[in-house]
Each structure stands twice: as C-alpha cells, then as structure tokens.
Amino acid sequence: MSNEIHVTGLKELAQFLDELPEKIQKNVMRGSLRAGMKVVQEEAKSTSAFADKTGQLRAGLKIGTKSRGGTVTASLSAKGQHGYIARFIEYGVKPHVISAKEGGALAFGGGVFQSVKHPGLKPHPFMRPALDGQAQNAVVAAAEYMKDRLATKHGIDTSHIFIEGDE
C-alpha cells in the first residue's frame with residue numbers, strides 16, 4: 001500500500017480559499033476536514049475487528065475539530081461511557097494484576113478477591129485501519145465539501161474544478 005494520495009483539483013481550491021477572510025477560511029476548513037473525517041468514522045464504526053455488544057463504543061466515535069494559529073485539524077475520538085476502552089481494543093493490553101484499594105475488595109465472577117490476574121487482550125485495531133483504508137476517500141470528501149461550500153455560501157464559481165482521486 002502506498003503512503004501517497006493523489007487528488008486533482010486541490011491547488012485550485014486552495015487558491016479560492018486564500019481569497020477569503022481568515023475567519024471564513026477556518027470555518028470552511030473545519031467543515032471540510034469534518035466531511036473527510038466522517039468517511040473514516042463510518043469505516044471505524046463498521047469494522048468487524050471487535051465485538052461491541054452494546055454498540056456504545058461505536059456510537060461514541062465522535063469527530064472534533066480545532067483551530068490553533070493558522071492550522072485547522074480534525075480528529076476522531078472515542079467518547080462516552082465506553083470510550084475509554086477504545087485504546088485497549090486498538091493496542092491491546094498486557095497480562096497484569098488488578099489489586100483492590102487498601103481496605104477494599106474486588107467482586108468478580110461471583111467471588112470477592114484482594115487481587116485478580118487479568119489475562120490481557122490482543123490488539124484489535126480499528127481506528128488506524130479505518131484511516132489507512134479511507135485516506136484517499138477522506139481527502140476527496142473534504143475537497144468536495146470545500147468545492148460545494150465555496151460555490152453555495154461564498155458565490156465562487158467552482159464548476160470548472162473536478163475532484164478525483166487515484167483508485
């Protein structure tokens with residue numbers, strides 16, 4: 001698999017974007033990056049890499065955007081009640097001992113213990129493969145969003161720009 005992504009039409013979109021005030025540029029970029037990350041989110045949610053009995057982990061995959069200085073970024077994060085386990089599923093967990101707090105006990109499997117041996121968990125990557133597998137489509141989706149937004153909300157004629165990615 002190549003690490004390169006080839007999309008035509010981005011240079012022209014960047015030129016149009018540069019003509020807009022900075023605040024509008026950032027808003028267009030936020031929306032554009034969110035559209036691209038939506039493609040990755042859908043892939044991560046549809047994975048069969050792990051079982052999600054309650055559906056809460058998949059439902060907790062949320063897109064966020066940030067703007068710092070002149071840089072706008074988008075991220076996909078696991079939030080909500082089961083969000084914290086995403087990293088354990090993605091990267092796995094080594095076998096380890098879980099001990100009760102001083103003066104406390106652990107209830108597990110119908111018994112009460114001072115400590116239990118966790119057997120660990122093999123990695124079941126789902127976030128990184130979603131990004132790797134959908135990077136091209138994400139860039140195309142981001143560019144299409146930008147093209148449409150520049151045309152509809154800012155009156156810029158983008159009809160001559162064609163967004164296409166390598167297959």
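## Helix H2 and its cover

The buried residues of helix H2 are covered by elements that include H1, S2, strand S3 (71-78) and H5. This is a predicted model. Which residues of H2 are buried? They are Val 28, Gly 31, Ser 32, Gly 36, Met 37, Val 39, Val 40, Gln 41 and Ala 44.

H2 can also be checked for length. It has 24 residues, and at 1.5 Å a residue these should span 34 Å.

In soluble globular proteins, nonpolar side chains tend to be buried together. Here, the largest nonpolar core has 15 residues. Those with the most contacts inside this core are Val 40, Ala 44, Leu 57, Leu 61, Leu 76, Phe 126 and Met 127. Four elements are listed as giving two or more residues to the core: helix H2 (22-45), S2, helix H4 (86-91) and helix H5 (127-154). Which element gives the largest share? It is H2, with 4 residues.

A second core is separate and has 13 residues. Among them are Leu 13, Leu 17, Ala 143 and Ile 156.

Now take one member of the largest core, Leu 61.

## Aromatic pairs

A pair of aromatic rings is described by the distance of the centres and the angle of the planes. How many aromatic pairs does the structure hold? It holds 2. One is formed by Phe 50 and Phe 126, and it is tilted. Their centres are 4.7 Å apart, with 55° between the planes. The pair links distant parts of the chain, as its residues are 76 residues apart. Phe 50 is in the loop between H2 and helix H3 (56-59). Phe 126 is in the loop between strand S7 (115-118) and H5. Both residues, Phe 50 and Phe 126, are buried.

Tyr 84 and Phe 88 also pair. Their ring centres are 6.4 Å apart and their planes meet at 80°, so this pair is edge-to-face. Is Tyr 84 buried or exposed? At 53% relative accessibility, Tyr 84 counts as exposed. Phe 88 has a relative accessible area of 29%, so it is partly exposed.

## Charges over rings

Arg 58 lies over the face of Phe 50, at 4.5 Å from the ring centre. Lys 147 is placed over another ring, that of Phe 162. The charged end of Lys 147 sits 5.6 Å from the centre of that ring.

## Two residues up close

Gly 9 is in the loop between strand S1 (7-8) and helix H1 (10-18). Its relative accessibility is 13%, under the 20% limit, so Gly 9 counts as buried. Not counting residues up to four places away in sequence, Gly 9 touches Ile 161, Phe 162 and Ile 163. Gly 9 and Val 40 are 31 residues apart along the chain, and their C-alpha atoms are separated by 21 Å.

Ser 67 is in strand S2 (residues 61-68). With 25% relative accessibility, Ser 67 counts as partly exposed. Not counting residues up to four places away in sequence, Ser 67 touches Lys 26, Arg 30 and Val 72. Ser 67 and Met 29 are 38 residues apart along the chain, with their C-alpha atoms separated by 9.4 Å.

How values were computed:
Residues numbered from 1 in each chain as written. Predicted model: local features only at pLDDT ≥ 70, side-chain atom pairs only at ≥ 80, totals over all residues. Heavy atoms only, no water. Buried < 20%, exposed > 50% of the residue type's maximum accessible area, 1.4 Å probe, protein only. Contact = heavy atoms within 4.5 Å. Core = buried A, V, L, I, M, F, W, Y, C linked by side-chain atoms within 4.5 Å. Phe/Tyr/Trp six-rings, centres within 6.5 Å; stacked < 30°, edge-to-face > 60°. Lys NZ or Arg CZ within 6 Å of the ring centre and 35° of its normal. Expected span 1.5 Å × (residues − 1).
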